[in-house]
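Here's a walk through a two-chain model, with the ground rules given along the way. Have the viewer open as you read.

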Amino acid sequence: MKTFLYLCAALGVMGLAFWAYQENYQTQAALKQSAKVKREIGELRQSLAILNAEWAYLNRPERLAELAEINFDRLGLLPLEPEQFGAVEQVAFPPPPVLPITDPIEVRGQLDGEGQFP
Amino acid sequence: MTEMKETPRTPLRPIASVLSAREKGENPDVIERENLRKRHEGDRDRTRRCAEGRLLVLALFFFCAFAVIGTRMGTLAASEATEPRAAATGTAIIASRANIVDRNGRILATNLSTHSLYAQTRDMVEPNRAAEELALIFPDLDPETLKKDFTGDRKFLWVKKKLSPEQMQAVHDIGEPGLLFGPREMRLYPNGKLAAHVLGGASFGREGVHSAEVVGVAGVEKAFDAWLRDPVNNGAPLQLSLDLTVQAAAREVLQGGMHLLNAKGASSVMMDVETGEILSLVSLPDFDPNDRPRPLATGDAGDSPLFNRAVQGVYELGSVFKIFTAAQAIDLGLVNAHTMIEAHAPMRWGKFKIKEFKGKSYGTITVEDVIVKSSNVGTAKMALAIGAERQREFLGSMGFLEPTELEMVEAPTGKPLLPAKWSEISTITISYGHGLSSSPVHLAAGYASLLNGGTRVRPTLLRQDSPQTGERIVSEGASKAARTMLRQVVKRGTASFGEVPGYAVGGKTGTADKPKPKGGYYKDKVIATFASVFPAHDPKYVLIVTFDEPVETSGTQPRRTAGWTAVPVAAEMIRRTAPLLGLRPGPEPGEEPQVVKASHQQ
């Protein structure tokens, strides 16, 4: 009985040690992973900042105005003018659709000799 | 217990000893005492051994504990400090300087990582060749000075503060181990000269090999330096009230106008009348904040492109002030818009003579016509009725007596110049804008406060979400009357070029002779100002356009009045910017909406 208890305790200690080490390794792996991801986020953030800066630089009003001028033949872009504001009343609506024929009545006639309606 | 089992307890009175002692006639108690003593000695020795053992274990324990603490302290002292990794959770702190964006989130200032170049002269293999190669890459470096630096006593020197990637590669290709790169954060203003005066600029503060701090040197960058550098904001940008598109359009129009009119300088301020947000602030000539020029060493600081004419420049702005006098007179109940005022020129006041433009005389006219025709005499009469004290108080309530509270480091330098003694003649001249110098931003704030219904508006460069609820300056009625009068100035007065169809512009012109530095006024140098509000019936924005020494030369005679110079430019600016602000052109109240013919016909 005593031996059995000792054996149990030893096995328990071994099991717990195994579990603790495993947890430790997993934690370290997770920490390493998170540090890597964080570094990656930092790098991506930096490249995002560079891309944003480039975007802002390429979209500076001065350059856009120049581009609009160079490509005037193709695009015909002009500054926004007050006349370009329109009212809803100014919009031409399509003509009302022709009403559907639901109850057709067959009508036959004949043109008389001269080709005129009677 | 075990010991006792092995060595059985010796009896205190062993029968053999007692019997032999009795035979000899000795006292058997002696034997008993002797045995008792032995037993006690044995007991004492045992306890001592036990205590010694315990002490040893305790000493061992203490030794181990102290040894652990000692080694731990030793390793802590010897190793580099690191953050506990498990504790560093959540979002990482962003240590770089915050961006500055406009009201729609477009970037006005951001950071770019570059490298700086420095030299460790001890590690240099071929200092002379390196110096020559560097001079080829950077034409602004002198090879002789570099050689002297590289071969001299200096161990360390900065060669270049900012490198482009191409230049960095070229320096790499020299292959000199003594030339090293340090990472740098560089402040970038992608829009170049746009809003240069507002942003100011940045430069490096304390520099190290691994990093350098970026500090603002002027404008918003300096005013918000601490905020921009604070890591607590976690990368949140500073949002200004400026609108990049409006700013670009305003600058383009103003620059075109400045060139056409041969003006020395120009400025424009556009402000929201309710919130006090400055949507565009242009001062020309301007500069590139990426490469901020040095302040002028000699001459007038006002001629430097660094000088912000809209904020720092204080000028006698002329007749644009007349509306303040008229509005105050109406507010005080002294007159109404149709009261007849006797305005025969010239008017004598003591030894002074108040004349009209080109020596005209308007006779007896209404208050509205005093403003429409810009009569100095008529305004002077109203100012005398108001009195010096009330005039001063009124101008003070709109902020004309102290520097503006704009969020720029330059704002306190734009201190208005006031007369030393606010005498009656000062009252007269100030009523039509002479004798009191203020900046265009002051004027914008004054017009906004007067015309938005009569509550004080303080100019701001930060985006606001709600209108300011300032203290009341004039009554709603007086504000409305002022707007109507300003509209009449454009409809039939001195600012007739200011008409923009659909936007009901109202405004007042001002042409002030420039004061000579030594006293007196120039005959042919003026400051031309147009202070406008649009739409006049429902004010949304105030626009101030100022030109320094403009000349309009299309006619036979050079024309310098604001009606010919500032007004057409301001009108073009409104025509360009109002649609960008989303303002629909519309008919004025009381005006018949025009019939628009539809193009679609059946």
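## Where the chains meet

Two residues are in contact if their C-beta atoms, placed from the backbone, lie within 7 Å. On that rule, 31 residues of chain B are in contact with 23 residues of chain A. This is a predicted model, where local features need pLDDT of at least 70 and side-chain atom pairs count only at pLDDT 80 or more, while totals for chains, interfaces and linings use all residues. Residues are numbered from 1 along each chain as its sequence is written, with chains lettered from A and ligands numbered from 1 in the order in which they are written.

Which elements of chain B supply at least two residues each to the side that touches chain A? They are β2 (107-120), α10 and α18; helices (H or I, at least four residues) and strands (E, at least two) are DSSP runs, numbered from the N terminus. That side of chain B divides into 16 nonpolar, 10 polar and five charged residues. Here Ala, Val, Leu, Ile, Met, Phe, Trp, Tyr, Cys and Pro count as nonpolar, Asp, Glu, Lys and Arg as charged, and the others, Gly among them, as polar.

## Chain A

Along its principal axes, the C-alpha trace of chain A spans about 130 × 60 × 25 Å.

## The five-stranded sheet in chain B

Chain B has an open sheet of five strands, in the order β9-β8-β18-β17-β16, with antiparallel pairing. Two strands pair if DSSP finds at least two bridges between them. At the edges stand β9 (278-284) and β16 (506-515) of chain B, each with a single partner strand, so one side of each has no neighbour in the sheet. From one strand to the next, the twist averages 10°. Further in, β8 (265-272) and β18 (541-548) of chain B pair in the antiparallel sense over eight bridges, and Val269(B) sits opposite Ile544(B) there.

Two helices pack on this sheet. Helix α10 (244-260) of chain B touches β8, β9 and β18, and its direction makes about 30° with that of β9(B). Helix α18 (566-580) of chain B touches β8, β16, β17 (521-534) and β18, at about 140° to the direction of β18(B). Axes are lines fitted to C-alpha atoms, for helices over the stretch in contact, and angles run from 0 to 180 degrees between N-to-C directions.

## A helix pair

Helices α11 (322-331) and α13 (376-386) of chain B pack at about 50°, with their axes 9 Å apart. That makes α11(B) oblique to α13(B); angles under 35 degrees count as roughly parallel, over 145 as roughly antiparallel, 65 to 115 as roughly perpendicular and the rest as oblique. Among the residues that meet are Thr325(B) and Ala329(B) from α11(B), and Met382(B) and Ile386(B) from α13(B). By class, this contact has six nonpolar, three polar and one charged residues.

Most residues other than glycine have a negative phi, and most peptide bonds are trans. A cis bond joins Leu284(B) and Pro285(B), with omega about -5°. Another cis bond joins Phe534(B) and Pro535(B), with omega about -20°. Ala195(B) has a positive phi, near 60°.
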